[in-house]
Amino acid sequence: MAAAERKRYPVRTIRLLLRVFACLPLRASRVLASGVASLTWHLKLRAARTTIQNIEHCYRELPTTEQRSLARRSLWHTACTVFELPAVWTSSYRRLQKWIRHVEGESLLTEGIQNGSVLLIVPHFGNWEFLSTYFNAITKYACMYSPRRLYELDELINQCRGRFGSEFLPVTRSGFRALVTRIREGGVVIVLPDQVPTEGQSVTSRFLGQPLKTGTLAHSLLKRGGMKALCIVAERCKGGFNIHIQDVDDAIYSADADVSVQALDHEIERMGELDPAQYQWEYKRFRGCAEIYR
């Protein structure tokens, strides 16, 4: 077998697995997620350890039993996202559209699009990947991402994510320039604000009262002016997802990066209040600001 074929083989396998798991009913996917989450918890895998550490750090006032309960529910929601992905990435729009149970605040988005470019802040809450299904009937969007080392896998994921016509740009200078061009053209841009930021592209902020480093990409885009910022999440519910779209505090438009980013973290907190268990606590967001990861 040629070297190139060996390199592509795992991607072909992943493509096959996506198709197989996409056939599962939503309820079956979530049942499987329950088993995986339970296993992750009992084996004390890294995801479980980091989740507990983050929740202990942010919810110190809660009794230990409630902290553990929240952590276990969080692991289930994260596992649900994984098992829902095959359908979200490959199933028909007609099937996925039925999973949209309720939409709150849609007029904010449609009015924003009519008036110019829109920055959508998408925290890692619920199933953020499912939002591409919701956007399909309303707008196309551009989003920056960190390229993966395996080109074929990177290409496959971007094909799945962009199959409804949206655009994924690499986190490079050329990618940023392309993003700015989309903004000037009145486009919609998505930012996932709560990933561990790149060194030198963050400021110290506070999340649930605890200091942490938060990326400044949203601030860099908003300070150019003319953009409407909104926060949006897909909250997991029985039979699908509730879409929540909320306006943001005006402080997010501040020219001061510290003020803008703090307002951004406040919006993430506000969305997280819908159901704290649906926030993805597996990221080491407090790395560099708190010695909690063991």
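Two strands are said to pair if DSSP finds at least two bridges between them; strands (E, at least two residues) and helices (H or I, at least four) are DSSP runs numbered from the N terminus. The model is predicted, so local features need pLDDT of at least 70 and side-chain atom pairs count only at pLDDT 80 or more, while totals for chains, interfaces and linings use all residues. Residues are numbered from 1 along each chain as its sequence is written, and side-chain values use heavy atoms, with hydrogens and water left out.

Q: In what order do the 7 strands of the open sheet lie?
A: The sheet is open and its pairing is mixed. Its edge strands, each pairing on one side only, are strand 1 (100-104) and strand 4 (167-170). From one strand to the next the twist averages 25°. The order is 1-9-8-2-5-3-4.

Q: Which residue stands opposite Tyr145 in strand 4?
A: Strand 4 is an edge strand. Strand 3 (residues 141-145) pairs with strand 4 in the parallel sense over 4 bridges. The residue of strand 4 opposite Tyr145 is Pro170.

Q: Are the residues on both faces of strand 5 buried or exposed?
A: In a regular strand, side chains alternate between the two faces of the sheet. In strand 5 (residues 188-191), Val188 and Ile190 lie on one side, and Val189 and Val191 on the other. Buried means under 20% relative accessible area, exposed over 50%, and partly exposed in between (1.4 Å probe, protein chains only). Both faces are covered, and these four residues are all buried.

Q: What is the relative accessible area of Thr139?
A: Thr139 lies in the loop between helix 7 (131-136) and strand 3. With neighbours within four places in sequence left aside, Thr139 is in contact (heavy atoms within 4.5 Å) with Ile113 and Val188. Thr139 counts as buried because its relative accessible area is 13%.

Q: At about what angle does helix 11 run to strand 9?
A: Helix 11 (residues 257-272) lies across strand 2 (118-121), strand 8 (228-237) and strand 9 (240-247). Axes are lines fitted to C-alpha atoms, for helices over the stretch in contact, and angles run from 0 to 180 degrees between N-to-C directions. The angle of helix 11 to strand 9 is about 145°.

Q: Near what value is the phi of Leu208?
A: Strand 6 (residues 202-207) and strand 7 (residues 210-215) pair in the antiparallel sense over 6 bridges, with Val203 opposite Thr214. The hairpin has 2 residues between these strands, and Leu208 is placed in that loop. Leu208 counts as partly exposed because its relative accessibility is 26%. Its phi is positive, in a residue other than glycine, and is near 50°.

Q: Why does Lys44 count as exposed?
A: Lys44 lies in the loop between helix 2 (26-42) and helix 3 (46-58). The phi of Lys44 is near 55°, a positive value in a residue other than glycine. Lys44 counts as exposed because its relative accessibility is 58%.
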